[in-house]
Amino acid sequence: MITWGMVANSHDASLAVFDDNELLWAGLAKDFSGIPNDPHLNEELIQHAINNYGYADKFVWYERPVLKTLRQFWAGQGWLLKENNIKRYLEERHLCDVPISYTQHHLSHAAYAYYTQPHDDCAVICLDSIGEFETLTIWHGKNNKLKKIHSQSYPHSLGLFYSAMTQRMGLVPQRDEYLVAQWAKKGNPNRLGDIMRKEIINVNHESSNPQSIKIHENLHRGCMWWRPELKSQKDMYDIAAATQAIFEYAVSCLS
């Protein structure tokens with residue numbers, strides 16, 4: 001049975017083709033469209049999959065739309081069920097007439113990490129801005145199965161913190177995070193570190209539980225409000241340095 005695993009309608013759309021449990025091929029939409037971080041499945045990507053591996057017998061979507069819609073409503077984004085109607089989204093791209101299954105966002109991340117590496121018994125940490133309600137999960141992969149060990153929920157998100165600080169530095173969140181580590185090398189992590197921990201994020205160093213990461217302010221819409229007096233490029237480097245130091249420390253507490 002040919003199964004297509006799909007990520008789209010958000011950012012970095014991609015498509016993977018399986019024959020039963022064997023991965024045949026996977027590709028990113030941006031590699032076909034030339035659009036950086038392309039959020040949508042495009043005709044070229046879809047036709048490549050069809051022409052080389054045949055049409056799918058089943059689609060698997062990477063997250064649960066209803067859970068995502070509930071979280072968006074709870075976060076004050078409105079009722080976005082129409083935007084999260086995946087059946088309609090696929091029909092608009094002439095993809096229909098086969099069953100659609102939905103899995104959890106973080107389980108998709110964990111499965112990718114676990115099933116594409118050679119070890120059987122291993123730990124998997126999934127850390128992103130947000131997936132449905134979860135923002136950080138820890139899994140135990142063993143005997144070809146994944147068991148969730150810990151879960152942290154929105155709005156407490158280390159990923160949102162990193163993206164919000166990316167925006168605060170005048171960069172583009174969900175795109176320019178890679179620049180934060182580069183800028184951090186040019187800054188002083190001590191200058192703003194204590195202030196950032198007091199006003200934005202706290203990491204309990206005495207606990208390895210993901211719930212020890214607490215966000216003082218909901219950072220879903222960024223934090224351009226934070227410390228408006230920080231304007232110079234040196235300030236941006238110091239923000240980056242503090243952000244990177246706190247992020248690395250928080251991750252080290254999970255190990």
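## Strand β7 and its sheet

Of the 9 residues in β7, 7 are buried, so the strand is mostly covered; buried here means under 20% relative accessible area, exposed over 50%, and partly exposed in between, computed with a 1.4 Å probe on protein chains only. The model is a predicted one, in which local features need pLDDT of at least 70 and side-chain atom pairs count only at pLDDT 80 or more, while totals for chains, interfaces and linings use all residues. Residues are numbered from 1 along each chain as its sequence is written, and side-chain values use heavy atoms, with hydrogens and water left out. Strands (E, at least two residues) and helices (H or I, at least four) are DSSP runs, numbered from the N terminus.

Strand β7 belongs to an open sheet of 3 strands in the order β6-β7-β8, with antiparallel pairing; two strands count as paired if DSSP finds at least two bridges between them. β6 and β8 (145-153) stand at the edges with a single partner strand each, so one side of each has no neighbour in the sheet. From one strand to the next, the twist averages 20°, where axes are lines fitted to C-alpha atoms, for helices over the stretch in contact, and angles run from 0 to 180 degrees between N-to-C directions.

Strand β7 (residues 134-142) is joined to β8 by 8 bridges, and the two run antiparallel. Within this pair, Ile138 stands opposite His150 and Glu134 stands opposite Ser153. The hairpin of β7 and β8 has 2 residues between the strands, and Asn143 takes a positive phi near 55° there.

On the side of β6, 7 bridges join β6 to β7, again with antiparallel direction. Ile138 of β7 is the bridge partner of Ile125. The hairpin of β6 and β7 has 2 residues between its strands, and Glu132 has a positive phi near 55°.

## The five-stranded sheet

A further open sheet is formed by 5 strands in the order β3-β2-β1-β4-β5, with mixed pairing. Its edges are β3 (22-28) and β5 (100-102); each has a single partner strand, so one side of each is left without a neighbour in the sheet. Neighbouring strands are turned by 20° against each other on average, direction ignored. Helix α2 (residues 43-53) packs on this sheet and touches β1 (2-7), β2 (14-19) and β3, its direction making about 155° with that of β3; contact means heavy atoms within 4.5 Å.

Strand β1 is mostly covered, with 5 of its 6 residues buried. It is joined to β2 by 6 bridges in an antiparallel arrangement, where Val7 stands opposite Ser14. The hairpin of β1 and β2 has 6 residues between the strands, and Asn9 in the turn has a positive phi of about 65°. To β4, β1 is joined by 4 bridges, and these strands run parallel; Trp4 stands opposite Phe59 in this pair. Strand β4 (residues 58-61) is in turn joined to β5 by 3 bridges, also parallel, and Trp61 stands opposite Tyr102 in β5.

## The cavity

How many cavities of 30 Å³ or more does a search of the whole structure find? The search finds 1. On a 1 Å grid over the protein atoms alone, a cavity is a set of points where a 1.4 Å probe fits but cannot get out, and lining residues have an atom within 4 Å of a point. Grid points are joined across faces, edges and corners, and a volume is the space filled by probe spheres set on the points.

The largest cavity holds about 40 Å³ of space. Its lining consists of Ala8, Asn9, Trp61, Tyr62, Glu63, Pro65, Lys68, Asn84 and Ile86. By class, this lining has 5 nonpolar, 2 polar and 2 charged residues; Ala, Val, Leu, Ile, Met, Phe, Trp, Tyr, Cys and Pro count as nonpolar, Asp, Glu, Lys and Arg as charged, and the others, Gly among them, as polar.

His105 lies in helix α5 (residues 105-115) and is buried, with a relative accessible area of 10%. Leaving aside neighbours within four places in sequence, His105 is in contact with Tyr62, Glu63, Asp128, Ile130, Gly131 and Glu132.

Helix α6 (residues 158-168) is mostly covered, with 10 of its 11 residues buried. Among the buried residues of α6 are Leu160, Phe161, Tyr162 and Arg168. The buried residues of α6 pack against β6 (122-131), α7 (178-184), α8 (189-199), β9 (201-203), β10 (213-215) and α9 (233-252).

Conventions:
1 Å grid on protein atoms, 1.4 Å probe; cavity = no way out; pocket = protein on both sides within 12 Å on 5 of 7 lines; lining within 4 Å.
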